[in-house]
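The following exercises are to be worked through with the sequence and the structure at hand. Each task is followed by a solution in steps.

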Amino acid sequence: MEYVELARAESERGELVLRERRPADGPSVIELRSNGAFVMDTLEVSTERALATAALALVEDPKAVVVGGLGLGFTMHEVLADSRVETCAVVEIEEALVGWMRDGTIPHGPALLADERVRLVVADVAVALAEARPASYDLILLDVDNGPGYLVHERNAELYREPLLRAARETLRPGGALAIWSASPAPELADVLTGVFGQVQAQPLEVLLQGREEHYWIYVGRAQENALR
């Protein structure tokens, strides 16, 4: 197996590396790593697509969608495949990753971003949600880290706490939903979501990865249809 580094960047959160795996007997794979830890690649994208599909099924008319976390763009790709979506705001804190997507360092990036429904925002998703207009989105997908139990960056713990979740609720239109991906059961997150939304749905997500079954979770908070703001 040959590894070729495509790009590297440093930020206050550490090191971000984009590299290509070149096996002797198969297609090349783009891989994203953060502070030495594997984040995702272009070989196994079932989880990202399943998150989008499951979340989109939660809302009758998801015209305006927010995706927290760009990654390699596959959650965004699946959201854009839904004809009901009119706008898709993707919030990513790593400016370098956004640049790699725009300039073709991530080869499929320019084609994805050519979709006129995409609005790519370089920002902390917590700040973006706090500054968003009330009742402006139908669906928010948060896939910024692995969930509260397996954080890549400790500062992302704030994403699963009441202030951020309350800010997210305020940006949802009545009937809208917040969907948070987690690599494992997160009862503490469920408790906080219940306090913010009044109820929570813990939805198991079964994904087939390289022939093996993996079990993840989506935690859902819904804005009440008759919510008063």
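Helices (H or I, at least four residues) and strands (E, at least two) are DSSP runs, numbered from the N terminus. The model examined here is predicted.

**Exercise 1. Determine which elements and residues line the second largest pocket.**

Step 1. The second largest pocket has a volume of about 290 Å³, and 16 residues form its lining.

Step 2. Nearest the centre of this pocket lie V66, A89, R119, A132 and Y137.

Step 3. At least two lining residues come from each of β5 (64-68), β6 (87-92), β7 (118-122) and α5 (125-131). The largest share, four residues, is that of β6.

Step 4. Sorted by class, the lining of the second largest pocket comprises 10 nonpolar, two polar and four charged residues.

**Exercise 2. Identify the buried residues of helix α6 and state how they are placed around its axis.**

Step 1. Buried means under 20% relative accessible area. In α6 (residues 162-171), L164, L165, A167, A168 and T171 are buried.

Step 2. These residues lie on the same side of α6, because they cover an arc of only 160° around the axis.

Step 3. An α-helix has 3.6 residues a turn, so residues three or four places apart point the same way.

Step 4. The elements that cover the buried residues of α6 include α5, β8 (137-142), β9 (172-182) and α7 (187-197).

**Exercise 3. How many cavities of 30 Å³ or more does a search of the whole structure find, and which residues line the largest cavity?**

Step 1. The search finds one cavity of 30 Å³ or more. The largest cavity holds about 30 Å³ of space.

Step 2. S11, R13, G14, E15, L16, S34, N35, E94 and H153 line the largest cavity.

Step 3. Strand β2 (residues 14-22) gives the most to this lining, namely three residues.

Step 4. In the lining of the largest cavity, one residue is nonpolar, five are polar and three are charged.

Methods:
Residues are numbered from 1 along each chain as its sequence is written. This is a predicted model: local features need pLDDT of at least 70, side-chain atom pairs count only at pLDDT 80 or more; totals for chains, interfaces and linings use all residues. Side-chain values use heavy atoms; hydrogens and water are left out. On a 1 Å grid over the protein atoms alone, a cavity is a set of points where a 1.4 Å probe fits but cannot get out, and a pocket is an open set with protein on both sides within 12 Å along at least five of seven lines; lining residues have an atom within 4 Å of a point. Grid points are joined across faces, edges and corners, and a volume is the space filled by probe spheres set on the points. Ala, Val, Leu, Ile, Met, Phe, Trp, Tyr, Cys and Pro count as nonpolar, Asp, Glu, Lys and Arg as charged, and the others, Gly among them, as polar. Buried means under 20% relative accessible area, exposed over 50%, partly exposed in between (1.4 Å probe, protein chains only). The arc is that of the directions from the helix axis to the C-beta atoms. Contact means heavy atoms within 4.5 Å.
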